[in-house]
Amino acid sequence: MMRVTNSMIVKRSKTNINANRAQVDYTNNQMASQKKITKPSDNPIIAIRALRLRSTLSTVNQYYENNIPDTESWMGITETALKNMKSLMTSAYEQVVYGSTDSLNQDNRKTILKELQELQDQVYCEGNSDYAGRTVFTGYKTNQDISFIDSAEASKASYQISERYSYKDIEQKSYYAGSFLDTSNEALFGGVEGEEDDDEAVSGQPEQFEEIKLNRVRLAYDKISSDKDSALTISTPDTVDGKTKMLDAKIGSDGSITVGGIQIAMDEDGNIDEDKIALDNGMNGYYAIYDADADAYRIYRMDQMDMEDWEPPEVEEDPDPDEEIEPEPLYPDLEPKEGEEDNYLAMVKIGERTNADGDTEPYLSYQAGVVSEEEDTEEGEQKPTDIVYRVVSSTAELKKSGYEIQPNEIVFDAESGELLFHDDMAQLLDAKNASLTMDYEKTGFDLGELRPENYFNCTKHTQDKGDIVYENYDEDWNWNQEAIYYNIAGGQQMRINTEARDVFDSNIRRDMDDLIDIVNFAISAQDTVNEITKKIESGEYSEEEVAKMKQWLDVANKQLDYANQNMHDTYSAYVTKFQGYLNTINLEITDIGGRGERVELTKNRMSIQQSTFKELKSANEDMDLSDLVINYSAASVAYQAALQSAAKIGQMTLLNYL
């Protein structure tokens, strides 16, 4: 039998008291934190699971409480803006439908004019909607608006802009010459040509009103600087190694033509600068070969050239930098292969034309490959094969000339921002599947006009930052999307933005310009008829003057008939256009609504996941309060009992045991 001493009893009692006190402290901490463990060593399994569950719950919380609400807010603002835009376009559509009716009086036209002017001012405003200071329709450029909202900035803004159009974008439009809207006595009785003007003189035969139908490609902007260099690039398909690419012919307002990287220009004497051709010939895989019979340069590809016996010329390795080197043809004596002579891709030749001053001047023309010169039009005239680019500074200049445009010309009206040409040129471009790219400078914009950097390849000229280049299209003219995605769930992204070009078509404002001009002309034409009629009926004029005014009235009525018919026809045609704009907006509203439904489904799933992981986390870490109270009470009772037992033991001695 082991001997038990008093010191042993005391020592063990202390140990038991400490153990019970530690248990009280442990259960007290559990009750305070309501957690199963306070440090990983308490239970490593619970600790590991807690880390995993907390990490997962933190991620779910980020999706559910931050990303998804941001997504909903951004898309909600976008949807609201689109619905407002739909309301505006619906009003515009109704005015276009109304304007296409035949029973309009002067007050009706003025109502349409006022409505369209107000709508035009607001048409792009919804595109400037922002979320937390970030514009929602400008792609990655969330720090700027889609349109100019500051008149001072707009008037000073300067850009080099590049716009590309397909032959499918060519449309027909009616223009007019010989119109008159001035009904003053001076205009009606200003004197007979060749006679001295006096108060009694009566003007000669009134100029007859004339309608002229032309084809056009309309740019996104008008009021373009005609005194700055512009260039028209005509691109036609070229097949190389079985792959189709575009052969670009760039015709500059300076008279130069660049085809396949080979620039052909005239010198000061009106001759082709052959040195320039010699330097560039063949550098880009294309060759310019002089054709003496046609007095022109034909453009061929490398695979069309006879290079079997050709040897490259020797190049001096270390030329003297101070010695002036005369340029020589890089590939002398090269000719097309047999059978390829007439398969040239393009031809550039020099000709003569009469300029605006009546003087004869030389010019370069471009021919997009071989076009039959034997096939005639219905009028018996030869189809044009040469393309000439000409710039006019104002629409008034074209009206004054009666819109005199040659069959082989593409005329750029810088004031209206239109490329104009006749049917035969349109047929040629269509036959060649051509694309037209216009490069031009524009300084000064109207309030509410679109910013070019959101729609086109362009360069913005600034004083403080220099030139800023925006490349919205790649080299094949495919749009570079600027889609913004938010992570709204594990492995799930949602595009939150809609780009301006997908819904705020750059043609909307220009179409409204056309509609406003047409209804303005109809109003003015009616006013002209009313004023002349009023003068005739006033009894204040002589018989000769009345007779002359009746001649003017016949012209004015013809002008009014055209204005009314043109308004009816154009508004009727634009009904389809504006219905298309509405369809686009509705499609985008449907698209963002569909994305919103997907976000809502994900939000519901994230809500369930959040609840599930909260429960799992709680089950892993938390303790029930009633269990904690019981455990604490039990530990406390045990602790108190240990103290009482130790107190009694302390009162006893070894003699008591004996």
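The structure is a predicted model, in which local features require pLDDT of at least 70 and side-chain atom pairs count only at pLDDT 80 or more, while totals for chains, interfaces and linings use all residues. Residues are numbered from 1 along each chain as its sequence is written, and side-chain values use heavy atoms, with hydrogens and water left out.

## Overall composition

The protein contains 12 helices and 21 strands. Both kinds of element are DSSP runs numbered from the N terminus: helices are H or I with at least four residues, and strands are E with at least two. Of the 658 residues, 43% count as buried. Here buried means under 20% relative accessible area, exposed means over 50%, and partly exposed lies in between, with a 1.4 Å probe and protein chains only. Among contacts between residues at least 6 apart in sequence, 70% join residues at least 24 apart; a contact requires heavy atoms within 4.5 Å.

## The nine-stranded sheet

Nine strands form an open sheet with mixed pairing, in the order β4-β5-β16-β15-β14-β13-β12-β11-β10. Two strands are taken as paired if DSSP finds at least two bridges between them. In general, strands of a sheet pair through backbone hydrogen bonds, either parallel or antiparallel. At the edges stand β4 (171-177) and β10 (286-291), each of which pairs on one side only. From one strand to the next, the twist averages 35°.

Within this sheet, β5 (residues 210-218) and β16 (residues 418-421) run antiparallel and are joined by four bridges. R218 stands opposite E418 in β16.

Two helices lie across parts of the sheet. Helix α8 (residues 423-431) lies across β4, β5, β14 (386-392), β15 (409-413) and β16, and runs at about 105° to β16. Helix α10 (residues 543-621) lies across β4 and β5, at about 160° to β4. The axes behind these angles are lines fitted to C-alpha atoms, for helices over the stretch in contact, and the angles run from 0 to 180 degrees between N-to-C directions.

Another pair of strands is β18 (residues 457-462) and β19 (residues 466-470), which are antiparallel and share five bridges. A hairpin of three residues joins β18 to β19, and T462 has G466 as its bridge partner in β19.

## Nonpolar cores

The largest nonpolar core has 126 residues, and M89, I234 and Y366 have the most contacts inside it. Such a core is a set of buried Ala, Val, Leu, Ile, Met, Phe, Trp, Tyr and Cys residues joined through side-chain atoms within 4.5 Å. Helix α10 gives the most to this core, with 21 residues. Apart from it lies another core, of 10 residues, among them Y175, A177, L398 and Y403.

I585 counts as buried because its relative accessibility is 0%. Leaving aside neighbours within four places in sequence, the contacts of I585 are L82, M85, K86, M89 and V503. I585 and M89 are 496 residues apart in sequence, yet their C-alpha atoms are 8.9 Å apart in space.

## Other helices

Helix α9 (residues 507-538) has 32 residues and reaches 46 Å from its first C-alpha to its last, close to the 46 Å expected at 1.5 Å a residue. The expected span is 1.5 Å times one less than the number of residues. Just after α9, G539 takes a positive phi of about 75°.

N108 is found in helix α3 (residues 106-122). N108 is buried because its relative accessible area is 17%. Leaving aside neighbours within four places in sequence, N108 is in contact with Y98 and S103.

## Loop residues and cysteines

Most residues other than glycine have a negative phi, and most peptide bonds are trans. D295, in the loop between β10 and β11 (296-301), has a positive phi near 50° and is not a glycine. N433, in the loop between α8 and β17 (435-443), likewise has a positive phi of about 50° without being a glycine.

The count of disulfides comes to zero, a disulfide being a pair of cysteine sulfur atoms within 2.5 Å.

| Residue | Relative accessibility | Class |
|---|---|---|
| C125 | 35% | partly exposed |
| C458 | 3% | buried |
| D295 | 35% | partly exposed |
| N433 | 38% | partly exposed |
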